[in-house]
Amino acid sequence: MISIIISSYQPKYYSALKKNIAETVGVPYEIIKIENPGSFSISEAYNTGASIAQGGNLLFLHEDILFHTRDWGKNLIKHLSNPEVGVVGIAGSNYVPHAPSGWFIKNDKYQFYNFIQNSKEQDAARLLTNLIRTENPAFAVDGVFLAITKSKFKEFGFSTSLKGFHAYDLDFSLRVAGRYRNIVVGNILLEHFSMGHPAEDWLDATISERRKSRSKFNRTIDIQVEKERFENFVYSVFRF
């Protein structure tokens, strides 16, 4: 069974997603809705949901999405059944820069994604995909879709030292990547109704996360990626 854990504050999107999951998941599941209109951090909400989950597979999910793949739950369970796999996602990267950064690396050699990007303000749907196989290696995984077995989740949990709603996914997926193999998959397609708007609190959380993780994952250093991410970081510092 899949336990789907959602930190919810948008009733309209939650209702649409709940109906969509029932129509597409294709396996036994439960939805654990944590009402959270900014009352506590997303890490706390997710840890609370995981503590009461009945399923052996956990999926931490944003509520402003819709699934396009039929029986996607079967695909997810198959990925998670591999004992070497840690976090399963639909977007991520396999290079960790020294400068504070999200999962997004402006180089298609290192980043993998497969989803439909849309907006809450207008219909702007476009397919974003950059996959070379069904399972693609990743270190950092985007928080819109984070799946892991319950037994492995118990080894890590979400960090309660990170307050708010940012960098929890980086912190979690990078810690898991130190022991297991994270993957971005190509056989689960969802539509995300958010463009993302990084602000000062995002930058603060990302700096805090990078102080812990550093860049211990890369076998070699890519100078061009390091330069681009450092320039982006400096721009963000002055911007905020």
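This is a predicted model: local features need pLDDT of at least 70, side-chain atom pairs count only at pLDDT 80 or more; totals for chains, interfaces and linings use all residues.
Biologist: Where is the place of Ile 188?

Modeller: Ile 188 sits in the loop between β12 (181-185) and β13 (190-192). Residues are numbered from 1 along each chain as its sequence is written, and side-chain values use heavy atoms, with hydrogens and water left out.

Biologist: Why is Ile 188 called buried?

Modeller: Buried means under 20% relative accessible area, exposed means over 50%, and partly exposed is in between (1.4 Å probe, protein chains only). Ile 188 has a relative accessible area of 0%, so it counts as buried.

Biologist: What does Ile 188 touch, not counting residues up to four places away in sequence?

Modeller: Contact means heavy atoms within 4.5 Å. On that test Ile 188 touches Phe 67, Thr 69, Trp 72, Asn 75, Leu 76, Ile 90, Asn 114 and Phe 145. His 68 is 120 residues from Ile 188 along the chain, yet their C-alpha atoms are separated by 7.8 Å.

Biologist: What makes Ile 132 exposed?

Modeller: Its relative accessible area is 58%, so Ile 132 lands in the exposed class. You'll find Ile 132 in the loop between β8 (126-129) and β9 (135-138). Its C-alpha is separated by 25 Å from that of Arg 175, 43 residues apart along the chain.

Biologist: And Asn 107, why is that one called partly exposed?

Modeller: Asn 107 comes out at 24% relative accessibility, so partly exposed is the label. Asn 107 belongs to the loop between β6 (91-93) and β7 (111-117). Leaving aside neighbours within four places in sequence, Asn 107 is in contact with Asp 222 and Val 225.

Biologist: Which class does Ser 41 get, buried or exposed?

Modeller: Buried, because its relative accessible area is 3%. Ser 41 is in the loop between β2 (29-35) and α2 (42-52), and with residues up to four places away in sequence not counted, Ser 41 touches Asn 36, Leu 162, Lys 163 and Gly 164.

Biologist: What is the phi of Ala 167?

Modeller: Phi of Ala 167 is near 70°, a positive value in a residue other than glycine. Ala 167 lies in the loop between α4 (150-156) and α5, and at 4% relative accessibility Ala 167 is buried. Asp 71 has a positive phi too, near 60°, and is likewise a residue other than glycine. Asp 71, in the loop between β4 (65-67) and α3 (72-80), is partly exposed, with a relative accessible area of 34%.

Biologist: Why is α5 described as largely enclosed by the rest of the structure?

Modeller: Because nine of the 10 residues of α5 are buried. Among them are Tyr 168, Phe 172 and Val 176.

Biologist: How do you know that the reach of α6 is close to the expected one?

Modeller: The expected span of a helix is 1.5 Å times one less than its number of residues. Helix α6 (residues 200-213) has 14 residues, and its reach of 20 Å from first C-alpha to last is close to the 20 Å expected. The buried residues of α6, which include Trp 202, Leu 203 and Ile 207, pack against α5 (168-177) and α7 (223-239).

Biologist: What makes α5 roughly parallel to α6?

Modeller: Axes are lines fitted to C-alpha atoms, for helices over the stretch in contact, and angles run from 0 to 180 degrees between N-to-C directions. The axes of α5 and α6 come within 9 Å and cross at roughly 15°. That angle makes α5 roughly parallel to α6, since the classes are under 35 degrees for roughly parallel, over 145 for roughly antiparallel, 65 to 115 for roughly perpendicular and oblique for the rest.

Biologist: Which residues make the contact?

Modeller: Leu 170, Asp 171 and Leu 174 of α5 and Thr 206, Glu 209, Arg 210, Lys 212 and Ser 213 of α6. They divide into two nonpolar, two polar and four charged. For the classes, Ala, Val, Leu, Ile, Met, Phe, Trp, Tyr, Cys and Pro count as nonpolar, Asp, Glu, Lys and Arg as charged, and the others, Gly among them, as polar.

How values were computed: Helices (H or I, at least four residues) and strands (E, at least two) are DSSP runs, numbered from the N terminus.
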